[in-house]
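Please consult the sequence and the model shown here while reading.

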Amino acid sequence: KLIGKSDGIVQDGSAQLNVPPGALRQQIKMGVVECFSGNQPVVSESTEMESLALMSVVSCTPSGVVLHKPVQVTVVLSETQQDPKDKLRVLCLSALRDPDEELKPDDFMDVTDAVGLRVMGNVAKYSVSHFCEYVAVKTSGLSKPVTAADVGKSIRSLVEEAKR
């Protein structure tokens, strides 16, 4: 959808971008693609990663566009976050990586705090200042803190599959 200096909404499936006035300095064709929505448990050899599930993969395009004001991403998740031990984390895939190469664990960055993630029932909202692919994962009762690279190592094949 073509969006300019005024506000606009772009939607695909349950994923939506709310573009405020002034986020763009010029008109661009922008899109959002909901590559995956569900609750896919992640199989991992690591016992620390037993309680990890892929919840959504959203691609905001054109990748690499830097915004002058944050754009709100809204995603309807397949389930409500009920257990207080459940934590939703948002990871972004590096816009600098070669899209033709296989995903590597270091391609994932945890941006949960930076994007101001808010979860209300089964709706997740977060604000982004650049376009790339965003991945939401649910972690439950992990025995120790895990890094974005740890999570990326476990979910990269699922994300690759979702993007096909």
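Asp 110 is partly exposed, because its relative accessibility of 34% lies between the 20% and 50% limits. The structure is a predicted model, and Asp 110 forms a salt bridge in it with Arg 89. The closest N and O atoms of this pair are 2.6 Å apart. The two residues come from distant parts of the chain, 21 residues apart, with Asp 110 in strand 9 (residues 108-110) and Arg 89 in strand 8. In total, 1 salt bridge is counted. Side chains of opposite charge can pair when their charged atoms come close.

The two partners are set out below.

The largest nonpolar core holds 32 residues, of which Leu 17, Met 30, Tyr 126 and Tyr 134 touch the most other members. Among the elements that give two or more residues to this core are strand 3 (15-19), strand 8 (86-93), strand 11 (123-130) and strand 12 (133-140). A second, separate core consists of 15 residues, including Val 57, Leu 103, Val 135 and Val 151.

Leaving aside neighbours within four places in sequence, Met 30 is in contact with several residues, among them Leu 17, Leu 24, Thr 61, Pro 62 and Phe 131. Thr 61 and Pro 62 are themselves joined by a cis peptide bond, with omega about 5 degrees. Most peptide bonds are trans. Pro 62 lies in the loop between strand 6 (52-61) and strand 7 (66-76).

How values were computed:
Residues numbered from 1 in each chain as written. Predicted model: local features only at pLDDT ≥ 70, side-chain atom pairs only at ≥ 80, totals over all residues. Heavy atoms only, no water. Helix = DSSP H or I, 4+ residues; strand = E, 2+ residues; numbered from the N terminus. Core = buried A, V, L, I, M, F, W, Y, C linked by side-chain atoms within 4.5 Å. Buried < 20%, exposed > 50% of the residue type's maximum accessible area, 1.4 Å probe, protein only. Contact = heavy atoms within 4.5 Å. Salt bridge = Lys/Arg side-chain N within 4 Å of Asp/Glu carboxyl O.
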